[in-house]
Structure formats: C-alpha cells, structure tokens
Amino acid sequence: MSGAEIKGWCPGAWRPMMSGDGLVVRVRPRLARLTRAQALGLAKLATAEGNGILELTRRGNVQLRGIRDHAAVVAALTALELLDPDAEAEARRNVTVAPDWQSGDATQRIAEALTARLSELPPLPAKFGFVVDAGPVRVLNAIAGDIRLERGETGLLLRAEGQAQGRAVDEVGAVDAALDLARWFAAHRGAARRMRAASPPGPRDAAPGPVGRTRGFVEGGVAFGQLPASTLAEAAHAAEALRVSSWRTLLLEGATARPGGLLPPDDPLLRIDACPGAPLCPQASVETRDLARRLQVTGSLHVSGCEKGCARSAAADVTLVGRNGRFDLVIGGRAGDTPARRGLAPEEVPDAL
C-alpha cells in the first residue's frame, strides 16, 4: 500500500513523537481521571506550549499537539502530578480501565494493584497492554487490549485478546494470573508483538458477560477525539473531576448538565474514527476529517490517512485508507485488510459508499 512507517510505539510524556504540527505528547491520567485542577492545567498547557488542541485516545489518555518546548511540558506535568518517574515506568503503564469505576470497587482495586506490580514483568512490546473492566457489566468490549480482566457471566474473568473465552478467576488471584499470562507471552511470543497473534495455554471455559454502557455520569462526546483547550476548560469548570473514556467522551463527575462544547453521547459523529491525516501526520497522504464529516454511512466508519489505522484498531463497517493521495475502500475490516476497491479520488468516495 503506501509503505507508511510503523514505529511500533506510541508517544508519551517522556518520549514524545514528532508529527506534522510539532511534538505530540501523550499524558496518561491514572484510572483515566483528571481532577479539575489537572484538567485546567492541561488546557492552559496546550495553549501556552502547543497549538491549543488536545486529543482523547482509546486508552483513556490525553494528547497535547504542536508542542514546542518539551522541557517546559515535562515541568508542568510534574507539577500537575501527571508524570511517571521515568520513561520506563511510563511505557509499562498501559492499563485501560472502565471509566465508570466507583471509589473502592473491583475495577479500581484491581487496576491499582496491577499498576503497582508492572515493574515485576520482563520487557514487553511497547503497545502491549491490559484492560480492567470489572464493573457490574463489561463496557470495554470494543477496546483492544492484550490481557483482559473483565466481568464474565458468572464473575471475574481473565481473557487473552483474540480468544472468545477466558478463565474464571477471583479477585485475590486476578493480578497474579494476569502477570503470569504476560510472562508467558514474553517467553513464547517469538515475532508476535500483540497477544492476538499468539496462542496462550490453559483452559478457556468461561464466556464474557453482557455488554453495557457507562451510567451515572453526565457524558459529553468529542468528534474524532479532538477538542480545543477552551472546551476542556469549560468541561472542567462544570464538573468536580473528569473521566476520559475509551470511546472519546468525557464523563463529568458531579456535573448537572453537559457543557455546550461537547456532543450528546449518541451523536452520529461519535461513530466515526478519523486520524489527523495530512498535513498533520507525515505518514498520511490524504485529508481525513473534513471528508469524514461529509460522508453518510450506516454503522461505523473509519477514515485513516494510511494503512496503520492509528485511530481504530478494530474492524469497522466501512474503512477508507489513504494511499498516494487517494483512498482504498475496506468493507467490514481494518485499515490493513484487503480492500474491495482501490484508488478512489476523494471526490469519488461519497458515490462509492
């Protein structure tokens, strides 16, 4: 296809990534939660040191774009208590949590216990991560993660990504079991970088439980996960704290209404995933988000600037993949899958759909 460079790692706060508009710095809030002061601090930082735009990721993280002075950002994140001690600790902390956790519940207890023990693991690929989804019902079923601790039909379940079933565990042994599975992967992965490409051993005798959706919060959506700093500040003023969800919405603790800058959680735009595209990403040869807004698709839509598919790892009903200034069309698949049509000019895409 376009021969885009696959870096194999994601940006962090200690290790930013260069993009077409400057450095991208990814901040990883613990348990996907920002206090009001932290959210306001990030909004101020995005304006002072970046291009005033922030992005929400599918792992519950927040990205600052267009950063010019990385040292100043590191200092500010340290003051906001949003920085890991070093790059190694940050890289290991790939733990995605169900954002509707309640204080003291199983999701919080397991996620904190797991995070505290990640240093025990051998080196793992940069994008290898865990999902903790132990609430009353699963909510992160569509979010990729290599090792999952999630709610099964009869209780807590340990499941390897790519496997339809998992193994029942209790909370006391859940973290040990997850770490053992990670150690197995490290020892036997060969060239595999993600769990779905491996074949983990052990019984798979329990099925995932029903799927729900976050409740109990005022929720506001962010088209393509991208919001101006002023919108983040408005949301922070309206709430006691913010949760960053994996479906690119903000959950507002203690809020009574959704701020005007955020979309209703059922807005059709939130069914569309689109990366920044050209010229913001040097890997992309096409503009993505203006086109995505113009398209009418029933179901999910993914518009990717290249075959890497950074905005969505899961399959979508319709996926458009940039290649040499044109688009390939994939039906019911991922950005790297074989397209049904190739070489569509941007103006030809609406009729092709």
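Okay, let's start with two helices: helix 1, residues 36-49, and helix 2, residues 70-79, have axes that come within 11 Å and cross at roughly 170 degrees. Those axes are lines fitted to C-alpha atoms, for helices over the stretch in contact, and angles run from 0 to 180 degrees between N-to-C directions. So the two helices are roughly antiparallel (angles over 145 degrees get that label).

Before I go on: this is a predicted model, where local features need pLDDT of at least 70 and side-chain atom pairs count only at pLDDT 80 or more, while totals for chains, interfaces and linings use all residues. Residues are numbered from 1 along each chain as its sequence is written, and side-chain values use heavy atoms, with hydrogens and water left out. Helices (H or I, at least four residues) and strands (E, at least two) are DSSP runs, numbered from the N terminus.

Back to our pair. Which residues of helix 1 and helix 2 meet? From helix 1 we have L42, L45 and E49, and they meet A72, V73, A76 and L77 of helix 2. Contact here means heavy atoms within 4.5 Å.

Five strands make an open sheet, in the order 1-2-5-4-12, with antiparallel pairing; two strands pair if DSSP finds at least two bridges between them. At the edges sit strand 1 (17-19) and strand 12, each pairing on one side only. From one strand to the next, the twist averages 30 degrees.

Let's zoom in on strand 2 and strand 5 (residues 62-67): they run antiparallel and are joined by four bridges. For instance, L23 has I67 in strand 5 as its bridge partner. Helix 1 packs on this sheet, touching strand 2, strand 4 (53-56) and strand 5, and its direction makes about 20 degrees with that of strand 5. Helix 2 lies across strand 2 and strand 5, running at about 15 degrees to strand 2.

L31 isn't a glycine, yet its phi is positive, about 55 degrees. You'll find L31 in the loop between strand 2 (22-27) and strand 3 (33-35). Is L31 buried or exposed? At 15% relative accessibility, L31 counts as buried (buried is under 20% relative accessible area, exposed over 50%, partly exposed in between, with a 1.4 Å probe and protein chains only).

F224 also has a positive phi, near 60 degrees, and is buried, at 6% relative accessible area.

Technical notes
Angles under 35 degrees count as roughly parallel, over 145 as roughly antiparallel, 65 to 115 as roughly perpendicular and the rest as oblique.
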